[in-house]
Amino acid sequence: AGIFSEWVFGILAFTGFFSLAMFFSNQRIRSRLIGISRESDELKQLNMRLQSEVEQRKQAQESLAYAEQTLEQSSKLAALGQMSAAVAHELNQPLAAMKTYMAGANMLMERHRTEEAKTAFSRLDGLIDRMTTITKQLKSYAGKGADALEPVDVKQALSSAFSLVAQDYRSHSISYKEVFDSGDVLVLADRVRLEQVFINLLRNARDAVQGVAFPQVTVVIESYSTVHIKFQDNGHGIDDFENLFEPFYTTKRPGDGIGLGLAISSGIIADFNGRLIAQNLSHGGAEFDVQLPYSPKS
């Protein structure tokens, strides 16, 4: 009986210990399941937050794209309005003057004052030339610069350009000087359009020295791997570099220009794989530096 009692006691003790072990094991499993459930809930919440953030970012990108399109359209409309106002102003002046000259010429013809009528007609011709210049500038600004490039002698192009403004320089008593070494200096360009740039810069220099006691314009040509054609004046310098090459920006008086010369010139030089930069000189005045790749003789 004693042995049986010990045996029963052992079984009960083992059962108790086993039950206790199972209880603690179940508790650990339950705790782990609760932890896994919490982690799952947290992951679900995190996933929902991520989806919400992705949706918000997508909406923000769509809003940004729409805002950019709206801004671009507004900028285009603003530029178009600015251009229209500038062109209308510049064309209205010669048109109004033409109407006046036409009326005067008709009156002179009726009175058989033909010589005076011829003078009025010559003035009409000058106004037509001015309007033609304005439309040519607009056409040049809209051009894509698809002309084939070929070696162009910079000195010859400069000489041709200056011949067109030489009389104007003389009439304004402007001293003109060229500084360069002997020999040809070639760049890859389109000669007609390069001359157009030189004419624009020579005219800008002429305007810059108005009111100066001893007006002077100097063109310096330096030839390295890059050719520099520097148009220097002793005027009052440049005040606004930020807008200098913007189309329709001008510091000239109404009727003296529509602010396309530098914008066109910069675009042409860019078409030739070069650049046009401006700076004020330390001793006064300004410099426009046309930089173009040197083209060796073939």
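Rings of Phe, Tyr and Trp (its six-membered ring) pair if their centres lie within 6.5 Å; planes under 30 degrees apart count as stacked, over 60 as edge-to-face and the rest as tilted. With that rule, the structure holds four aromatic pairs. This is a predicted model, in which local features need pLDDT of at least 70, side-chain atom pairs count only at pLDDT 80 or more, and totals for chains, interfaces and linings use all residues. Residues are numbered from 1 along each chain as its sequence is written, and side-chain values use heavy atoms, with hydrogens and water left out.

**View 1. An edge-to-face pair, F162 and Y169**. A pair of aromatic rings is described by the distance of the centres and the angle of the planes. For F162 and Y169 these are 5.5 Å and 80°. Buried or exposed, where does F162 stand? F162 counts as buried, at 17% relative accessibility (buried means under 20% relative accessible area, exposed over 50%, partly exposed in between, with a 1.4 Å probe and protein chains only). Y169 is buried too, with a relative accessible area of 1%. Together with Y176, F162 and Y169 form one aromatic cluster.

**View 2. A tilted pair, F198 and F231**. Here the ring centres are 5.6 Å apart and the planes meet at 45°, so the pair is tilted. F198 lies in helix α4 and F231 in strand β5 (residues 226-233), so the pair ties together parts that are 33 residues apart in sequence. Helices (H or I, at least four residues) and strands (E, at least two) are DSSP runs, numbered from the N terminus. Both F198 and F231 are buried.

**View 3. Helix α3 packed with helix α4**. Look for residues 154-171 (α3) and 191-208 (α4): their axes are 9 Å apart, at an angle of about 40°. The two helices are therefore oblique to each other (angles under 35 degrees count as roughly parallel, over 145 as roughly antiparallel, 65 to 115 as roughly perpendicular and the rest as oblique). Residues making this contact include F162, L164 and Y169 of α3 and L194, F198 and L202 of α4. Contact means heavy atoms within 4.5 Å.

**View 4. S265 in helix α5**. Helix α5 covers residues 261-271. What is the relative accessible area of S265? The value is 0%, so S265 is buried. Leaving aside neighbours within four places in sequence, S265 is in contact with V197, N200 and L276.

How values were computed
Axes fitted to C-alpha atoms, helices over the stretch in contact; angles between N-to-C directions.
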